[in-house]
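Open the model in your viewer and keep the sequence panel beside it. The stops below say what to select and what is there.

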Amino acid sequence: MVSDLEVNTRDYVDPNLDEASWIQAVTRFPVALHPVAVWGITSANNVFSTLIGPLTPKHHLQGQSRIVELDPVTAEPLLALERRQLPVAVPKTVFGQGLVAKANSKLAPKHQGVFSGAFAPHEIWYVYVLVLKDAKRKELAFKIGYSHDPALRAAAHNIPLALEVTGLKWSVYLEQPTPSEDSARLVEQTLLTRFNKNRLTSNGEIVSGLSSTTIAASIADIMRKQETGT
């Protein structure tokens with residue numbers, strides 16, 4: 001059983017695999033859908049073609065590159081097989097963990113009592129990048145931080161700018177979900193350290209002389225290395 005969250009396989013593969021196996025897994029299957037539940041079939045009579053009939057293009061060829069929903073007639077003999085539930089694969093990098101945490105936060109909370117339920121406040125924390133542009137849309141600087149609401153931070157930074165006069169405005173360029181506030185803080189600090197030479201003296205969380213793509217690529221790199229310790 002899978003969700004509709006498309007994930008990068010490299011965030012799930014064990015970094016301790018030998019290089020050849022790691023490359024094969026990541027290059028052959030670069031993306032996948034995040035699993036919700038997994039079962040292992042324990043019944044000896046588990047050959048698809050025996051249970052359902054000859055493999056069709058729909059169940060075989062299409063199933064290699066997309067999710068194929070089984071119709072009730074096809075699903076009935078499969079669901080009748082003996083099976084045991086297996087642990088669901090979870091991301092091994094902070095980058096992947098953040099995406100899953102964000103997706104899970106959108107699910108309905110478990111009922112408490114009859115019809116009540118609530119999420120913990122600020123459940124998802126983001127590493128964010130605000131970009132400062134002038135009236136001609138030129139990128140002037142970037143603000144790096146972490147927050148549960150990056151848009152709120154952009155609004156706060158815009159208050160003293162007097163857009164009507166200066167033509168300057170901060171906007172959210174990137175908001176990357178993380179699995180926890182501590183993770184978000186660590187990514188922010190690692191990123192600021194990496195760009196230490198570009199930080200403004202007046203505000204150490206603002207950098208200049210960089211491109212937006214360089215910052216975005218650095219965030220992904222840091223978050224994918226954080227879990228592996230490299």
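Where is the place of Thr9? Select Thr9: its place is in the loop between β1 and α1 (19-28). Helices (H or I, at least four residues) and strands (E, at least two) are DSSP runs, numbered from the N terminus.

Before going on, note that this is a predicted model, in which local features need pLDDT of at least 70, side-chain atom pairs count only at pLDDT 80 or more, and totals for chains, interfaces and linings use all residues. Residues are numbered from 1 along each chain as its sequence is written, and side-chain values use heavy atoms, with hydrogens and water left out.

Is Thr9 buried or exposed? Thr9 has a relative accessible area of 15% and is therefore buried (under 20% relative accessible area; exposed is over 50%, partly exposed in between, with a 1.4 Å probe and protein chains only). Now show the contacts of Thr9 (heavy atoms within 4.5 Å). Leaving aside neighbours within four places in sequence, these are Ala25, Phe29, Pro30, Val31 and Ala32.

Next, select helix α4, residues 94-105. At 1.5 Å a residue, its 12 residues should span 16 Å, and the end C-alpha atoms are 16 Å apart, which agrees; the expected span is 1.5 Å times one less than the number of residues. Colour Val94, Phe95, Gly96, Gly98, Val100, Ala101 and Ser105, which are buried in α4. The buried residues of α4 pack against β1 (2-8), β2 (31-35), β7 (169-178), α7 (181-194) and α8 (212-226).

Keep α7 and α8 on screen. Their axes come within 10 Å and cross at roughly 125 degrees. The axes are lines fitted to C-alpha atoms, for helices over the stretch in contact, with angles from 0 to 180 degrees between N-to-C directions. The two helices α7 and α8 are therefore oblique to each other; angles under 35 degrees count as roughly parallel, over 145 as roughly antiparallel, 65 to 115 as roughly perpendicular and the rest as oblique. To see where they meet, show Ser183, Leu186, Val187, Thr190, Leu191 and Arg194 in α7 with Ile215, Ser218, Ile219, Asp221, Ile222, Met223 and Gln226 in α8.

Finally, colour the chain by pLDDT, the predictor's confidence in each residue, from 0 to 100. The protein chain averages 82, and 84% of the residues score at least 70. Over residues 108-122 the pLDDT is below 50; beyond near neighbours in sequence, this stretch has 11 contacts in the model. Zoom out to the protein chain, with its 8 helices and 8 strands.
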